[in-house]
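Work through these exercises with the structure open beside you. Try each task before you read its solution.

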Amino acid sequence: MNCFDCFRPKTSSPVRNESKTAVGLEKPGLGPARKPRSNYASLDEVLKSEKAMEALRQYMVTIRQDHLLDFLADVELYRRQRDEADRLKLSQQIFTTYLKVLAEREVVLDKPLRDSISARLQEAPATLFDRAERAVTDDIRRDVFPHFLKTPLFERLAGLA
């Protein structure tokens, strides 16, 4: 008997769980049955579905990040705008609402990207917000989406609940 034996439960027959390691972690491939794969396993799939987007938006409201989806929607409207005067007006509204430091619904971007957009604001090219859109989408993919996949909202959406 060693000094740690006194901490072990006394049982007549040791019960061993083959799906767990000695410290209680799940062994790869041997743990509980995995849930079936959903049609919404990637952010790109969610962004294409109105129903999935609504569930993602509901989740993002709870973590106060729904302004990121609004930014993406406004950038899409901006990109589709053909009239240059309307695009110029919309570019200024997007910048003031989302990208200006301490904006009402600020989307955090690195300073060089923010400055690059600010410098081209008066030109209002159709691609003005493309890099910002990619940065925001990457942030959602990396920071928000993995947590969303673990929510009851996602489980109901995916038919896993």
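**Exercise 1.** Which residues in H6 are buried?

*Solution.* Start with the ground rules. This is a predicted model, where local features need pLDDT of at least 70, side-chain atom pairs count only at pLDDT 80 or more, and totals for chains, interfaces and linings use all residues. Residues are numbered from 1 along each chain as its sequence is written, and side-chain values use heavy atoms, with hydrogens and water left out.

Step 1: Buried means under 20% relative accessible area, exposed over 50%, and partly exposed in between (1.4 Å probe, protein chains only). Helices (H or I, at least four residues) and strands (E, at least two) are DSSP runs, numbered from the N terminus.

Step 2: read off the residues. Ala-132, Glu-133, Val-136, Thr-137, Ile-140, Val-144, Phe-145 and Phe-148 are buried in H6.

Step 3: find their cover. It includes helix H1 (43–47), helix H2 (50–62), helix H3 (66–80), helix H5 (111–119) and helix H7 (152–158).

Step 4: follow the axis. Helix H6 (residues 130–148) has a kink of about 40°, centred on Arg-141. The bend at a residue is the angle between axes fitted to the seven residues ending there and the seven starting there.

**Exercise 2.** Why does Thr-137 count as buried? Then list its contacts.

*Solution.* Step 1: locate Thr-137 in helix H6.

Step 1: check the area. Thr-137 is buried because its relative accessible area is 16%.

Step 2: list the partners. Contact means heavy atoms within 4.5 Å. Leaving aside neighbours within four places in sequence, Thr-137 is in contact with Leu-43 and Leu-72.

**Exercise 3.** Describe how the whole protein is built.

*Solution.* Step 1: count the elements. The protein has seven helices and zero strands. From the N terminus on, the order is α-α-α-α-α-α-α.

Step 1: look at burial. Of the 161 residues, 30% count as buried.

Step 2: look at contacts along the chain. Take contacts between residues at least 6 apart in sequence: 53% of them join residues at least 24 apart.

Step 3: check confidence. pLDDT is the predictor's confidence in each residue, from 0 to 100. The average is 83, and 75% of the residues score at least 70. Over residues 29–36 the pLDDT is below 50, and this stretch has eight contacts beyond near neighbours in sequence.

**Exercise 4.** Which residues are buried in helix H4? Work out how they are arranged.

*Solution.* Step 1: name them. In H4 (residues 84–99), the buried residues are Arg-87, Leu-90, Ser-91, Ile-94, Phe-95, Tyr-98 and Leu-99.

Step 1: turn to the opposite face. The exposed residues Ala-85 and Lys-89 sit on the face turned away from the buried side of H4.

Step 2: find the packing partners. The buried residues of H4 pack against H3 and H5.

Step 3: inspect the N-terminal end. Asp-83 caps H4 there, with a side-chain oxygen 3.4 Å from the backbone nitrogen of Ala-85.

**Exercise 5.** Is Asp-70 buried or exposed? Trace its surroundings.

*Solution.* Step 1: find Asp-70 in helix H3.

Step 1: classify. Asp-70 has a relative accessible area of 18%, so it is buried.

Step 2: list the contacts. Not counting residues up to four places away in sequence, Asp-70 touches Arg-57, Tyr-98 and Arg-105.

Step 3: pick out the polar contact. The side chains of Asp-70 and Arg-57 make one at 3.0 Å. A polar contact is a pair of N or O atoms within 3.5 Å; within protein, one must be able to donate a hydrogen and the other to accept it, and residues adjacent in sequence count only if both atoms are side-chain atoms.
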